[in-house]
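Reader: I'm new to this one. Can you walk me through it?
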Amino acid sequence: MSTLSRLIGLAVTIWCLVYSTAAVRADPPRTRTLTYDSERREWVETPPPPAGTPEGDLHQIRVLNKDGEFGKALSRVKQFVKQYGESDALYPEVVIAKAEAQIGRRDFYKAYGTLTGFLDEFSGMALTEEAIRLEFVIAETYLSGVKRKIGGVRLLSGEDIALRILDDISVTYPNTRYAEYAIKTKADYLFRTGDHALAEMDYARLLREHPSTQYHRYALRRSAESALASFAGIEYDDAALIEAEERYRDYANRYGRVAEQEGVGVILETIAERRAGKELAIAEYYERTEHLTSAVFYYQAVVDGWPGSVAATKAAARLELLGASSPVASAGGYGEP
């Protein structure tokens, strides 16, 4: 064999050794169990429980989920139930692992059914919060636009399921860390989809039921924005405007500097103009229909309630033309037809 051939063979051998060593190093053991040794003050690796026991079989299901082998994990779940039964002490943990596998396979509706059954049967266990977390994953997935499957095809909106999950979490588990976030998530979705009246109610609920919430400033501002956005126009009831004004004033009082930077003062002026404009429209309607006493009453209300507004200037001009510059003057000169 020539020197060149021997060198090439040696290079190939060295490359294979390096590659195989790197591959081994890049592929760490998939199943590692670490426990903290308080005496040694370090984490110590312990061997996984042996296969063929409930503990070992549950461990294997979890490993399959971690590795993305969700179909195999579900098969192992069936084997676990067949071998050990639902009375086994580890069965609740197997149900949670089953739901995780179903979510991994994007069978969200099946996972929802699995978790609903778990919470009906095992609520109050340490695993309850994990079940709630997984339900939250399903809710957020559906609200992102993912459809429900019908015959293997995603056809139906999952919005109703998502909102039901969020309501159930906030009502049934109010003391969990997910309760206030469930209300916020629902309110944000309603706000995003334009259902501002319902969004305002949920933001207000978040403030009422969780007054110390970390989302207080956010929810107060969003409740004000929702109320303002739900005002349909001067032809409609101004309850939403009044609510928005109260919310913005509360926001300005609580978060003065931030509110000023966000232009809340300008927003309040805009709301005042809208409220004045609505009262002015009422006065103009009564004047057109020759209900002059009522017209004068509303014109004067605009002048008194929103001095300096554009509507107040117009109202004062109409009062002058009607010869009623004050409520006292108007009371003597005009009667309803």
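Author: One term to begin with. Helices (H or I, at least four residues) and strands (E, at least two) are DSSP runs, numbered from the N terminus. Asp57, for one, sits in helix H2.

Reader: What kind of model is this, and how are residues numbered?
Author: It is a predicted model: local features need pLDDT of at least 70, side-chain atom pairs count only at pLDDT 80 or more, and totals for chains, interfaces and linings use all residues. Residues are numbered from 1 along each chain as its sequence is written, and side-chain values use heavy atoms, with hydrogens and water left out.

Reader: How many helices and strands are in the chain?
Author: The chain has 16 helices and four strands.

Reader: And what percentage of the residues count as buried?
Author: Of 337 residues, 39% count as buried. Buried means under 20% relative accessible area, exposed means over 50%, and partly exposed is in between (1.4 Å probe, protein chains only).

Reader: Back to Asp57. Buried or exposed?
Author: Asp57 counts as buried, because its relative accessibility is 17%.

Reader: What does Asp57 touch?
Author: Leaving out residues up to four places away in sequence, Asp57 touches Ala51, Gly52, Phe80, Gln83 and Tyr84. Contact here means heavy atoms within 4.5 Å.

Reader: Which other residues of H2 are buried?
Author: Among them are Pro54, Leu58, Ile61, Leu64 and Asn65. Asn65 has a relative accessible area of 10%. Beyond its neighbours within four places in sequence, Asn65 contacts Phe70, Ala73, Ala97, Glu100 and Ala101.

Reader: How far does H2 reach?
Author: H2 has 13 residues and spans 18 Å from its first C-alpha to its last, close to the 18 Å expected at 1.5 Å a residue. The expected span is 1.5 Å times one less than the number of residues. After H2 comes Gly68, with a positive phi near 80°.

Reader: Now H3. Which residues are buried there?
Author: In H3, the buried ones are Ala73, Leu74, Val77, Phe80 and Tyr84. They cover an arc of only 120° around the axis, so they are on the same side of H3. The arc is that of the directions from the helix axis to the C-beta atoms.

Reader: What covers them?
Author: The cover over the buried residues of H3 includes helix H2 (54-66) and helix H4 (91-104).

Reader: Which residues are exposed on the other side of H3?
Author: Lys72, Lys78, Lys82 and Gln83. Just after H3, Gly85 takes a positive phi of about 85°.

Reader: Switching topic. How many salt bridges are there?
Author: A search of the whole structure finds 21. A salt bridge is a side-chain nitrogen of Lys or Arg within 4 Å of a carboxyl oxygen of Asp or Glu.

Reader: What does Arg247 pair with?
Author: Arg247 forms a salt bridge with Glu200, with the closest N and O atoms 3.4 Å apart. Arg247 lies in helix H11 (residues 239-254) and Glu200 in helix H9 (residues 196-209), so the pair ties together parts that are 47 residues apart in sequence. Both Arg247 and Glu200 are buried. Arg247 also meets Glu243 in a salt bridge, 3.0 Å from N to O.

Reader: Where do Glu243 and Arg247 lie?
Author: Both are in helix H11, four residues apart, about one turn of the helix. Glu243 counts as partly exposed, because its relative accessibility is 27%.

Reader: What about Arg205 and Asp202?
Author: Their side chains meet in a salt bridge, 4.0 Å from N to O. They are three residues apart in helix H9, so about one helical turn separates them. Arg205 is buried at a relative accessible area of 13%, and Asp202 counts as buried at 8% relative accessibility.

Reader: Last topic, the surface. Which residues form a nonpolar patch?
Author: Ile150, Leu155 and Leu156 do, with about 270 Å² of accessible area together. Patches are made of residues with over 30% relative accessible area and no salt bridge: like charges are joined within 9 Å, nonpolar side chains (Val, Leu, Ile, Met, Phe, Trp, Tyr) within 5 Å. Accessible areas come from the Shrake-Rupley method with a 1.4 Å probe; for residues, only the protein chains shown count as cover.

Reader: Where is Leu155?
Author: Leu155 is in strand S4 (residues 153-157). Leu155 is exposed, at a relative accessible area of 54%.
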